[in-house]
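Please look at the chain shown here as a whole before turning to its details.

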Amino acid sequence: MPSEDNPVYTLAEGCPVGDPSASVILKGITPGSGGLSLLEDTQLLETLAHFPRERIPERVVHAKAAGAWGEFEVTHDISDVTSAAFLSEVGKKTKVLARLSTVAGEKGSSDTARDIRGFALKMFTEEGNWDFVGNDLPVFFIRDPVKFPSLNRSHKRHPQTDVPDSNMFWDFHNNNQEGVHCLMQLFGGRGVPASLRNVNGYGNHTFKFGKPGENTFKYCKIQFKPDAGVTTLTQEESVKLAGTEPDYHVKDMYNAIERGDYPTWTMYLQVMDPKDAESYRWNIFDITRIWPHKDYPLRPVGRLTLNRNPENHFQDIEQAAFSPSTLVPGIAASADIMLQARMFSYPDAARYRVGPNYQQLPCNRAQYVYSPYQRDGPMRMDGNYDGDPDYVGSSFKKMRLGPPDVAHDHWVGKVMSYSSEVTDEDFEQPRALWSLFKRNGEDENFAKNLAGHLCKAKPEVQAATVEMFNKVNNEVGEAIQKVLDEMNDKGTAGIEHDQRRPSKA
């Protein structure tokens, strides 16, 4: 057998090939007569057929990313909160795959665009995989799941011009003002990280942590904070890098790990008793709002270290699939309707993008799986459970069962059509954030960053956006308007196209 150091080149089915650059042809006998390709040339056909199929559909969001392997080590005892095995004792280590991404940009877009960053982890625990699927900002733009496709379309390309459009972006947010808190985070100082090694990772959603079999649980929010601190870029720095080094973050992560400068994060929990949730001043499931640390302080759990680059980016990172539905005993979903929608949407996207058996790929495969009621399908590669029964309740093969779920909620309610309303409460936390911006001297940069994007929209869209920020505080709207006026005076504001279709008259 050939060794790994001296491999023999073969076709995909293993047949050794004498010359990978040769084709089998019917060649004319006269000079310059060319030749004809033959259907029997398996090497040529296989090579040409595989090439246009090398790309799987890119993610609709989070298309571009850096990724790495690593480990998670428990550093603090939280056995009073959950019985999850991978968190069961101090010093316990778990293998991890991480993927840190931009959200709106496509696969070839710039790393340093002002955007949310995705922060996704897959922990390969002895009780199955646990996926942490979060972002680098603590809040999100919407809380109604049916708006999710519209939100992302408004941040992407216009359907007629096929270019990103400030009118779309701001018109969506002007009409969905629950996102004002997230907009202030995005256009504030942390809107463009200097390195993916120095971003926070927020789970955003509320989860239930508990002990299966016990009729109690705690509500928890999860956060990863970089041990080296958060570092950011100015708008000017980010724009320059977008043109000169569009893969800046991907290179930075890879090179740091390659030289042994391993990035680390500390995992924290915020823990709330369910009784508190009934009387807390905000809806604890609303991901447009935070739980202030003074109410629910951060409780340390463990340390994440990324210490190994992928052997092949496509194999390990592009095919990786993450979902908040990938849970383990001791961690469960809450009544957050955005979370529950994502629990369907993310695996559904992976089945479309990678295939129905995506969980069998090495980057996704759990340590132990026995799920004989999910069979067949393209690319089955785990033995397909041989002749084991493929139906529930068989008497021919006995199975041991796992633990019960974390305690379920008791429900009294009614089925109804529901869309959340925007009230003054939606502007309370943004108001507090503006006060923080002013104390830290970040208010002018925030206004400049936001106006630099807004100035490309039509005047009526600009006016509606300023009015939205007036609801946070008149100072906010005035600061944005002041920068817009200065840009107009200098002639630096640029109105993008009118979205109305041209008249056919």
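The text below moves from the whole chain to an annotated span and then to a single residue.

The model is predicted. Its chain contains 13 helices and twelve strands. Of the 505 residues in the chain, 45% are buried. Among the contacts with a separation of 6 or more, 72% join residues 24 or more positions apart.

The surface and the charges may be considered next. The accessible surface of the chain amounts to about 26800 Å², and carbon and sulfur atoms contribute 53% of that surface. The chain carries 57 positive and 69 negative side chains. The centres of these two sets lie 1 Å apart.

An unreviewed UniProt entry assigns the annotation "domain: Catalase core" to residues 10-400. Helix accounts for 21% of this span, and strand for 21%.

Within the chain, one residue deserves a separate look. The unreviewed UniProt entry places the feature "binding site" at Tyr346. This tyrosine belongs to helix α9, which comprises residues 337-353. Is Tyr346 buried or exposed? Tyr346 has a relative accessibility of 18% and therefore counts as buried, since the term applies under 20%. Which residues does Tyr346 touch, if those up to four places away in sequence are not counted? They are Val133, Phe322, Ser323 and Pro324.

Methods
Residues are numbered from 1 along each chain as its sequence is written. This is a predicted model: local features need pLDDT of at least 70, side-chain atom pairs count only at pLDDT 80 or more; totals for chains, interfaces and linings use all residues. Side-chain values use heavy atoms; hydrogens and water are left out. Helices (H or I, at least four residues) and strands (E, at least two) are DSSP runs, numbered from the N terminus. Buried means under 20% relative accessible area, exposed over 50%, partly exposed in between (1.4 Å probe, protein chains only). Contact means heavy atoms within 4.5 Å. Accessible areas come from the Shrake-Rupley method with a 1.4 Å probe; for residues, only the protein chains shown count as cover. Lys and Arg count as positive and Asp and Glu as negative; His and the chain ends are not counted. The place of a charge is taken as NZ of Lys, CZ of Arg, CG of Asp or CD of Glu. UniProt positions are given in the numbering used here, feature names are shortened, and annotations may be inferred rather than shown by experiment.
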